[in-house]
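Hello,

Here is the structure I said I would pass on. My notes follow it.

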Amino acid sequence: MKYLAHVENSLDSDIISIYEVLDELKKSPKEFEKKRYYSLWHLTPMTPKAGLHKRPHFAFLKGSAPSYSESQGGESIEHAITKYIIYKSKKINLKSTINGRQVENQITFSEIKVEHHFDNNDYIADLYGKIESNHGNLFNLKPNDWLVIEICVTHKVTKYKQAYYRLKNIAAIEIKLYDKIKFEDSRERLDKRITGWLNLFLYFKPLHNPNYKEIYKQENIEMEEPLDSSILTIHTVPINSSVELDDNKITCDVDINNSSPKFEEQLKQKSWWKRLLYILGIERH
């Protein structure tokens with residue numbers, strides 16, 4: 001169902017919610033009886049509906065030709081407004097943890113396409129933005145590269161759609177709307193809440209990043225502050241391997257009954273950090 005619409009046949013015209021229309025109908029039914037509204041992205045003519053068995057919504061006029069994406073089910077008012085705010089602001093704030101460090105990244109777009117169709121409507125992206133600048137280099141994407149932004153309110157991107165993005169090597173992410181943000185009969189309040197949420201740096205789910213190998217190419221684990229090798233103590237005692245951590249020491253007990261000369265020689269040749277990973281079974285022989 002559609003809950004938002006343009007008041008005129010123009011993408012630059014004001015947007016109104018179905019609930020605002022119903023309030024106006026109560027005040028002046030004659031004035032709004034035959035008024036037409038237009039869908040957000042394709043300007044398909046619509047009329048307000050307030051049936052007994054369905055939530056109030058905008059319905060397409062008979063004889064109109066809605067686009068494929070419009071005819072494939074509806075979307076919540078929260079989902080529609082989130083798309084619209086990103087489309088208008090042409091930016092998104094993101095954060096992620098890379099090699100143990102939190103990275104914050106504001107991406108601005110020179111162009112954004114809404115409900116962009118891939119491969120003859122096989123898949124439709126919520127937003128498809130052409131990058132203007134990429135502060136923080138979170139994806140290694142450059143100006144004029146494109147990024148898909150999927151918005152999850154109740155339904156996550158399917159594994160098939162994600163597989164499609166990977167197959168076609170399309171950079172794509174998914175953000176989940178904060179579940180406490182709900183429409184409460186005030187579109188203005190909902191706008192403010194979603195705008196405030198989008199001004200934060202948001203975690204996201206990477207659906208596909210063509211440059212992931214460049215970002216994660218370092219084999220060693222990076223830490224904020226390098227650990228002093230003196231804090232690692234290795235005891236070779238006849239018990240099962242275990243590790244104890246406290247504020248000042250990392251103590252590893254290795255079962256020498258099951259060790260071998262080759263194991264011990266390999267252990268000596270490794271750095272203290274790789275020795276620890278080796279003992280824990282994270283790094284193989």
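In helix H1 (residues 18-27), the buried residues include Ile18, Tyr19, Val21 and Leu22, where buried means under 20% relative accessible area, exposed over 50% and partly exposed in between, with a 1.4 Å probe and protein chains only. Viewed along the axis of H1, the buried residues lie within an arc of 155 degrees, so they line one face of the helix; the arc is taken from the directions from the helix axis to the C-beta atoms. Strands S2 (15-17), S3 (37-38), S4 (45-49) and S5 are among the elements that cover these residues. Helices (H or I, at least four residues) and strands (E, at least two) are DSSP runs numbered from the N terminus.

This is a predicted model, in which local features need pLDDT of at least 70 and side-chain atom pairs count only at pLDDT 80 or more, while totals for chains, interfaces and linings use all residues. Residues are numbered from 1 along each chain as its sequence is written, and side-chain values use heavy atoms, with hydrogens and water left out.

Glycine 63 sits in the loop between strand S5 (57-60) and helix H3 (68-71). Glycine 63 is exposed, at a relative accessible area of 83%. Its C-alpha atom is 9.7 Å from that of proline 45, 18 residues away along the chain.

Of its 285 residues, 42% are buried. Counting contacts (heavy atoms within 4.5 Å) between residues at least 6 apart in sequence, 55% join residues at least 24 apart.

Regards
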